[in-house]
Amino acid sequence: MSAISSSAAGSGERGLVRRLFSRPTSAAGLAVLAIILIAAVLAPWITPYAPGKLSIAHRLQAPGIAHLFGTDDFGRDVLSRMIFAGRLSLTVGFSVVVLSSLIGVLLGLLAGYFRKLDRPLSRLIDAMMAFPDILLAIALVAALGASAANVVIALGIVYAPRLARVVRASTLVIRELPYVEAAKALGVPTPVILVRHVLRNVASPLLVQGTFIFANAILAEAGLSFLGVGVSPDVPTWGTMISLGRQYLDQAPWIMFFPGGAIVLTVLSLQLVGDGMRDLLDPRLAKDI
Amino acid sequence: MSLAAAESTQACAPLLRVEGLTQRFNLGGGRVVHAIEDVSFDVPRGAIVGLVGESGSGKTTTGRSLIRLVEPTSGTAMFDGVDLFSLSPREMRQYRRRLQIIFQDPYSSLNPRLTVAAIINEALDARGFDKARAARKQRIGELLEMVGLRAEHAQRYPHEFSGGQRQRIGFARALAVEPDFIVADEPVSALDVSVQAQVLNLIRDLQQRLGLTMLFISHDLAVVEYLCDEVIVMYLGRIMEKGPSQALYSNPRHPYTRALLATAPVPDPTRKRERVLLKGDIPSPINPPSGCVFRTRCPHAIEACAATLPPLEAVGAGQQVACIRHHELA
């Protein structure tokens, strides 16, 4: 039995960002994310070259003073393209996480909480998960038409079942807990029970899944672009840069290395922030420094 | 036992009259769990009625059916003149705040993500309490002090409290809606003995101060004797015996009640009690025995016990017993 601690966990979810900064790991994650985001937003003003500027004379140059991250097979500056690519990659990543969370949470809560809906919804989720991710995404994009928005919609639908499963599993457990019954006994309306009691307690696994999906979405967008069903190859994304740089892996590894590094850094920092948020959102783990 | 409660028992109609409550769960494949079969009892206003029995006797299900956390299969529950079981879910919502429940497990009965203030606020919302912040804050403070906590505990989270303190928070939540009737489902079983005593005293104190009516579910006979005005003994979903606690404890008539009392420790080495040891386990409620459900473990069972279901018969002073041999065994 835990004694009453004097911790001021009572400060709730206010000052979450400040408390994230007080943890070294999540502070590092936040800082890196902030740099990547600011760079993407300010891309037109901070890049040394225009992202699409061709210069065959300078093709496949190794990183150096003129081109910090080298140039690609058309002589385009890798650093400039990478910064511009962040715009679309991050937008796709975040949008897919938001969309798939909306669909997944709704499906998962309904399937987990209402017994009658469980069977049909679970079968639907299983059916969707039976397809390989990329194949389903290709089919959806092909049906919807190739555009950044449709890539987001397709990937949002593809990843929703994973979240739905996580939410459903947790909901099945939480539904039977006495605090949910206590709320029922008070006559609390079901939607309020779902949000206040169930969803709040599903937040941790949801955040962890969300960071995975962000990473997967960036890579899947690359795959779709590579296969020609994603965004136009003229628009740089981290994914298209990697897939185009792949054929020069022997001569010019930097074409792939830097956008790949950008993905790794983004995902890593997101996961650090996600871990920190998970701990801080749980009053049992929250500690003020 | 409070004198006031005994008086009101005779004075007015019971607050809750349960008749023929039956709860079956269909497992599919023709298998049905007979959790509760034809249970009838009264809960007088201002009284604490104890519901005892071993695990699997259906006592918890009875409590949960009454406030419709599970939908009863059949029966009626007249609460202040209205049959709770015939209300639509919408109408039931209006009645919910008059009926509250306190759970056994002090750990899972409070949402770990909410502060104590938020937990009690939810109950105040259900009550339709004044939305003004200051009034709320004051009321939450009052409720916490009523259950022996301090007003400043409101900003803490459940994990910062001990089991006994959490159970007090559960009480504060239940009392926040000013209910007429409380189902207390083994509220002290999960607590240390020393803490049990404190919480029991709190229950008794609150009951006397607020005139609460309560169904107190427990497997602990000593606790029930201390707290309850009337006792109902259940076995395998049926009532074996019921009556005023003094009469029932001093003169148990049903072999099952005797066996239960014999297993309960008595803090008096000179006092002798009839030793009746039950053999075997409680039978499966999927296939309950024919006739008297207790006959498979009863030391006095005869052939006739398997033939008929013994009705509850009055044996004087409000005591009723369901045993065809109670005359011979008396």
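Me: What should I know before asking?

Reply: This is a predicted model, in which local features need pLDDT of at least 70, side-chain atom pairs count only at pLDDT 80 or more, and totals for chains, interfaces and linings use all residues. Residues are numbered from 1 along each chain as its sequence is written, chains are lettered from A and ligands numbered from 1 in the order in which they are written, and side-chain values use heavy atoms, with hydrogens and water left out.

Me: Why is Val78(A) called buried?

Reply: Buried means under 20% relative accessible area, exposed over 50%, and partly exposed in between, with a 1.4 Å probe and protein chains only. Val78(A) has 1% relative accessibility, so Val78(A) counts as buried. Val78(A) is found in helix α4 of chain A.

Me: What is Val78(A) in contact with, leaving aside its neighbours within four places in sequence?

Reply: Contact means heavy atoms within 4.5 Å. By that rule, the partners of Val78(A) include Phe69(A), Asp72(A), Met241(A), Trp254(A) and Phe258(A). As for His67(A), it is 11 residues from Val78(A) in sequence and 7.6 Å away in space, C-alpha to C-alpha.

Me: How many helices and strands does chain A have?

Reply: Helices (H or I, at least four residues) and strands (E, at least two) are DSSP runs, numbered from the N terminus. Chain A comes to 11 helices and 0 strands. Of its 289 residues, 49% count as buried. The C-alpha trace of chain A spans about 75 × 50 × 30 Å along its principal axes.

Me: What makes the span of helix α2 of chain A close to the expected one?

Reply: The expected span is 1.5 Å times one less than the number of residues. Helix α2 (residues 24-41) of chain A has 18 residues, and 26 Å is expected. From first C-alpha to last, α2(A) reaches 26 Å. The buried residues of α2(A) include Leu30(A), Leu33(A) and Ile36(A). Among the elements covering the buried residues of α2(A) are α4 (78-113) and α11 (254-281) of chain A.

Me: What makes strands β3 and β9 of chain B a pair?

Reply: Two strands pair if DSSP finds at least two bridges between them. Here 4 bridges join β3 (residues 48-52) to β9 (residues 230-235) of chain B, and the strands run parallel. One bridge partner is Ile232(B) in β9(B), for Leu51(B). Both strands belong to an open sheet of 8 strands in chain B, ordered β6-β7-β8-β3-β9-β10-β12-β11 with mixed pairing.

Me: Why are β6 and β11 of chain B called edge strands?

Reply: In that sheet, β6 (99-102) and β11 (313-314) of chain B each pair on one side only.

Me: Which residues have the most contacts inside the largest nonpolar core?

Reply: A nonpolar core is a set of buried Ala, Val, Leu, Ile, Met, Phe, Trp, Tyr and Cys residues joined through side-chain atoms within 4.5 Å. The largest such core has 121 residues, and those with the most contacts inside it are Leu155(A), Trp238(A), Ile120(B) and Phe216(B). Helix α9 (residues 190-226) of chain A gives the largest share of this core, 12 residues.
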